[in-house]
Amino acid sequence: MQHGPAVRRRKLGAELRALRTSAGLTSGEAARLVGWHQSKVSRIETGTSGVKPTDVRLLLDAYAVADSQLRELLMMLAGPDDSGGRHHWWHAYRGVLPPTYRDFISLESQAGAMRTLETTVVPGLLQTPEYARAVTSAAVEGLAEERLDTLVEVRLARQDVLRADPPLELSAVLDEAVLRREVGGPGVMARQLEKLVEAARLPQVRLQVLPFAAGAHIGVTGPFVIFSFSSTSDLDVVVLDHLTSSLYLERKEDLQAYTEAFNALQIHALSPEDSLDFIAGTAAGA
């Protein structure tokens, strides 16, 4: 199982090592050019150490890399600059959140679009506080009240990506079971369905329901998320959640397979307009 940012660090390191070699430099010579110790260059190239976009820029300048598209791609691999502040808000929760969850939030905060199939619960970005609390409490038994409060706080903080400028574009296909499963009791579920109706009306959200009547479909194997990045498709990634870990798929064949699967699910699902009526009808007890 691979963590998303770890995969990106290794990809970035391999690219930087190739560029250094093409420039005819040893790692020691490259380090002297940018004023670092040789071990820092080695750690970056092996992906064992994180790297800031400003550091990548220094190396690219030292290697005389003029290709603007390549520079942009490598800067994206390095992730957002800390100067933005908001990008790394989850670091304050390092003692509470497992690495796989932090990696997921990191990708979510940087992505331009997110496509998700949900077969069991409402997507985290669309959950009400009460629903999030009930889901988290059920998923992780025996949580202390304080830690439960913190995890719900993180879940709600993640939803800021839908209000960012520009906002994350969210396309979600929800199996009907998501709407029918009573999480937290009738009152909690009623408020959650109301929130889904509100979310479905947002211009950056495309919500579709896959009714039971659609029968068996390609999504029966389980939920998945596809993150897409505005500047390049080379960073797109599929995330599959498991009980104790997450799997990140970045091969072009995997991305194509899951993209085609999501497109097929959208075709078989109700239209956004009909989905809105279906959710409202479910909320009304239809």
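Predicted model: local features only at pLDDT ≥ 70, side-chain atom pairs only at ≥ 80, totals over all residues.
**Overall build**

The protein chain holds twelve helices and six strands, and its C-alpha atoms fill a box of roughly 70 × 40 × 30 Å along the principal axes. Of the 286 residues in the chain, 49% are buried, where buried means under 20% relative accessible area, exposed means over 50%, and partly exposed lies in between (1.4 Å probe, protein chains only). Among contacts (heavy atoms within 4.5 Å) between residues at least 6 apart in sequence, 72% join residues at least 24 apart.

Helix α4 (residues 53-62) packs with helix α5 (residues 68-78) at an angle of about 145°, their axes being 8 Å apart; the axes are lines fitted to C-alpha atoms over the stretch in contact, and angles run from 0 to 180 degrees between N-to-C directions. On the α4 side the contact is made by P53, V56, R57, L60 and D61, and on the α5 side by R71, L74, M75 and A78. These residues divide into six nonpolar, no polar and three charged, with Ala, Val, Leu, Ile, Met, Phe, Trp, Tyr, Cys and Pro counted as nonpolar, Asp, Glu, Lys and Arg as charged, and the others, Gly among them, as polar.

Elsewhere, the peptide bond from D165 to P166 is cis, with omega near 0°, and P166 lies in the loop between α8 (145-158) and β2 (169-175). Most residues other than glycine have a negative phi, and most peptide bonds are trans.

**Aromatic pairs**

A search of the whole structure finds five aromatic pairs, a pair being rings of Phe, Tyr and Trp (its six-membered ring) with centres within 6.5 Å, called stacked if the planes are under 30 degrees apart, edge-to-face if over 60, and tilted otherwise. Two of the pairs are set out here.

| Pair | Centre to centre | Angle between planes | Class |
|---|---|---|---|
| W89 and W90 | 5.9 Å | 85° | edge-to-face |
| F224 and Y258 | 5.0 Å | 70° | edge-to-face |

F224 lies in strand β4 (residues 224-228) and Y258 in helix α11 (residues 252-268), so this pair ties together parts that are 34 residues apart in sequence. F224 counts as buried at 5% relative accessibility, whereas Y258 is partly exposed at 23%. W89 and W90 are both buried, and W89, W90 and Y93 form one aromatic cluster.

**Residue R9**

R9 lies in helix α1 (residues 4-22) and is partly exposed, with a relative accessible area of 31%. Leaving aside neighbours within four places in sequence, R9 is in contact with I44, G47, S49 and G50.

Technical notes. Residues numbered from 1 in each chain as written. Heavy atoms only, no water. Helix = DSSP H or I, 4+ residues; strand = E, 2+ residues; numbered from the N terminus.
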